[in-house]
Amino acid sequence: MAFVVPSGSLAALLTNLLVCLLFLSLYRRSENATALLYWAASCGLFVVGGLCYAVHVTLQPEFSAFKLIGIASLITSSACLFLGIRCFEAGTCPANNVFFLLLVAGGSLSLYLLLKAVLGSADGMASLIMALFFILSAQRLKTDACQFTSGRWVLRVLLQLHAAVMICQGLTLLRLPQGAYYTTDHPLIQPVLLTHLMLTIATALVLPLIHSMRQNAVWQKLASIDDLTQCLNRRAFLSKAAQQSASLATLEKPVTVLMLDVDHFKRINDCYGHLVGDRVLQQVGRAISKALPDSALFGRLGGEEFAVFLPLTQQAAEQVVNCLHNAVRQHPMRHQGSTIAVTISVGAASANHGQVPFETLLAMADDALYGVKDAGRDGSQFANPEDNKPKPLCIING
Ligand SMILES: Nc1nc2c(ncn2[C@@H]2O[C@H](COP(=O)(O)OP(=O)(O)OP(=O)(O)O)[C@@H](O)[C@H]2O)c(=O)[nH]1
């Protein structure tokens with residue numbers, strides 16, 4: 001039965017090699033996915049470590065350089081996985097990763113040699129150090145606070161199981177006589193290797209899956225955000241607001257739509273230049289975002305025109321509109337020692353029982369906005385939903 005363990009080890013090495021190639025091919029196809037490269041390196045180093053260890057066992061010297069390289073590669077392998085998780089979390093590669101990797105490899109090897117000198121036998125220490133990296137990786141995922149909760153939960157469990165398997169392997173090896181790993185038909189070794197295999201395969205499937213889920217979410221976010229102001233862009237705002245409006249309508253809940261326009265923005269551009277104009281738009285966007293309640297949707301429709309969707313009655317929305325005027329006034333732009341006064345005009349339309357389609361509210365709010373501009377700007381006007389015509393219910397002129 002002595003051949004059972006080596007064949008299990010060979011299967012583990014082959015699996016890691018295939019996973020390494022899978023991650024490498026994914027890495028070549030995806031952009032900015034350093035995590036995949038680290039995960040490929042992790043499996044690659046595991047194969048190198050296993051092969052070096054096998055050469056050492058075949059030659060069977062008392063203590064060979066192959067064993068040392070094998071142990072170092074195996075430990076660095078799990079450290080690479082940890083770095084892959086770090087890159088994944090950061091969304092990019094932290095600058096100090098390579099230095100950290102060298103530190104880990106050097107530190108772990110020194111620890112190994114120290115334990116070897118003190119204990120006489122420290123074969124299992126490599127497995128325990130690997131377990132430590134699996135635990136650290138799982139911990140890193142545990143602190144995650146955003147989406148993909150289920151994918152990350154699965155990955156965390158896989159890493160924790162892997163850590164448990166490595167601890168079992170480590171404790172088993174520590175109790176075996178020197179070099180007996182490949183020759184003893186120990187009852188624990190075979191299940192440990194099998195579990196290692198299955199966990200590697202499972203992790204190899206889950207990792208790219210959550211990686212692509214994350215990429216998709218990042219792209220979706222990029223596609224829905226306005227570059228300049230960081231609020232929703234036109235397409236995202238209109239589609240989200242229409243969706244929310246439809247679901248609120250079925251519940252007969254109130255809905256208010258605001259159209260906001262920066263007053264005399266052309267003058268700002270003409271006087272100070274387009275770059276300053278851009279900064280004014282950013283400032284206005286920030287001020288409005290901060291002043292809005294959490295339930296609001298806020299987007300830039302284009303140019304100096306913004307829109308807000310509020311799940312509020314007209315009465316409640318009027319207070320929000322007042323806050324928006326104040327917020328914009330209280331955050332004037334400073335440019336070369338002078339202050340650029342900025343005001344906004346707001347057209348609004350409410351449906352207190354959600355019975356008016358979103359598109360109609362938007363058009364009514366737009367009409368109301370024209371009314372405010374005609375009335376002199378820096379004010380607001382609510383359209384009357386009953387006759388579908390803008391009617392001045394509230395004018396605040398600055
Ligand atoms: N800096 C900058 N200017 C922009 C941007 N988009 C549109 N504009 C400018 O915004 C100006 C809008 O001018 P108008 O539509 O006449 O509006 P206004 O001057 O604000 O006048 P009222 O709305 O009537 O108060 C134009 O000069 C556009 O070139 C942008 O992203 N950045």
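Predicted model: local features only at pLDDT ≥ 70, side-chain atom pairs only at ≥ 80, totals over all residues.
## Strands

Strand β3 covers residues 305-310. Five of its six residues are buried, so β3 is largely enclosed by the rest of the structure. Strand β1, residues 255-262, pairs with β3 in the antiparallel sense, and six bridges join them. Strand β2, residues 297-302, also runs antiparallel to β3, with five bridges between the two. On this side G302 is the residue that stands opposite E305. Two residues separate β2 from β3 in a hairpin. In the turn of that hairpin, G303 has a positive phi of about 50°.

Strand β1 has a further partner in β6, to which it is joined by eight bridges in the antiparallel sense. Within this pairing, L258 has A348 in β6 as its bridge partner. Strand β6 spans residues 344-351, and eight of its eight residues are buried, so this strand too is largely enclosed by the rest of the structure. Both faces of β6 are covered. One side carries I344, V346, A348 and S350, the other S345, G347, A349 and A351, and all of these are buried.

## The ligand and its shell

There are 16 residues around the ligand, and F265, K266, D278, R300 and R377 come nearest.

| Side chain | Ligand atom | Distance |
|---|---|---|
| N269 | nitrogen | 2.8 Å |
| R300 | oxygen | 2.8 Å |
| E304 | oxygen | 3.0 Å |

Taken alone, the ligand exposes 670 Å², of which the protein buries 66%. Two or more residues of the shell come from each of β1, α9 (265-272) and α10 (274-291). Helix α10 gives the most, with four residues. Sorted by class, the shell around the ligand holds eight charged, five polar and three nonpolar residues.

## Salt bridges

The count of salt bridges comes to five. One of them joins the side chains of R300 and D226, with an N to O distance of 3.2 Å. This pair links distant parts of the chain, 74 residues apart: R300 is in strand β2, whereas D226 is in the loop between α7 (189-224) and α8 (234-250). R300 and D226 are both buried. R300 is also one of the residues that come nearest to the ligand.

What forms a salt bridge with D261? The partner is K373, and the closest N and O atoms of the two are 2.8 Å apart.

Is D270 buried or exposed? D270 counts as exposed because its relative accessibility is 52%, and exposure begins over 50%. K266 is likewise exposed, with a relative accessible area of 61%. K266 is among the residues that come nearest to the ligand.

## Two residues with positive phi

The loop between α12 and β7 (380-384) contains R377. R377 is a residue other than glycine, yet its phi is positive, near 75°. With a relative accessible area of 27%, R377 is partly exposed. R377 is also named among the residues that come nearest to the ligand.

D378 lies in the loop between α12 and β7 as well. Although D378 is not a glycine, its phi is positive at about 50°. D378 has a relative accessible area of 10% and is buried, since buried means under 20%.

Note on methods: Residues numbered from 1 in each chain as written. Heavy atoms only, no water. Buried < 20%, exposed > 50% of the residue type's maximum accessible area, 1.4 Å probe, protein only. Pairing = 2+ DSSP bridges. Near = heavy atom within 4 Å. Polar contact = N/O pair within 3.5 Å; in protein donor to acceptor, adjacent residues only side chain to side chain. Areas by Shrake-Rupley, 256 points an atom, 1.4 Å probe, with all protein chains shown as cover. Nonpolar A, V, L, I, M, F, W, Y, C, P; charged D, E, K, R; others polar. Salt bridge = Lys/Arg side-chain N within 4 Å of Asp/Glu carboxyl O.
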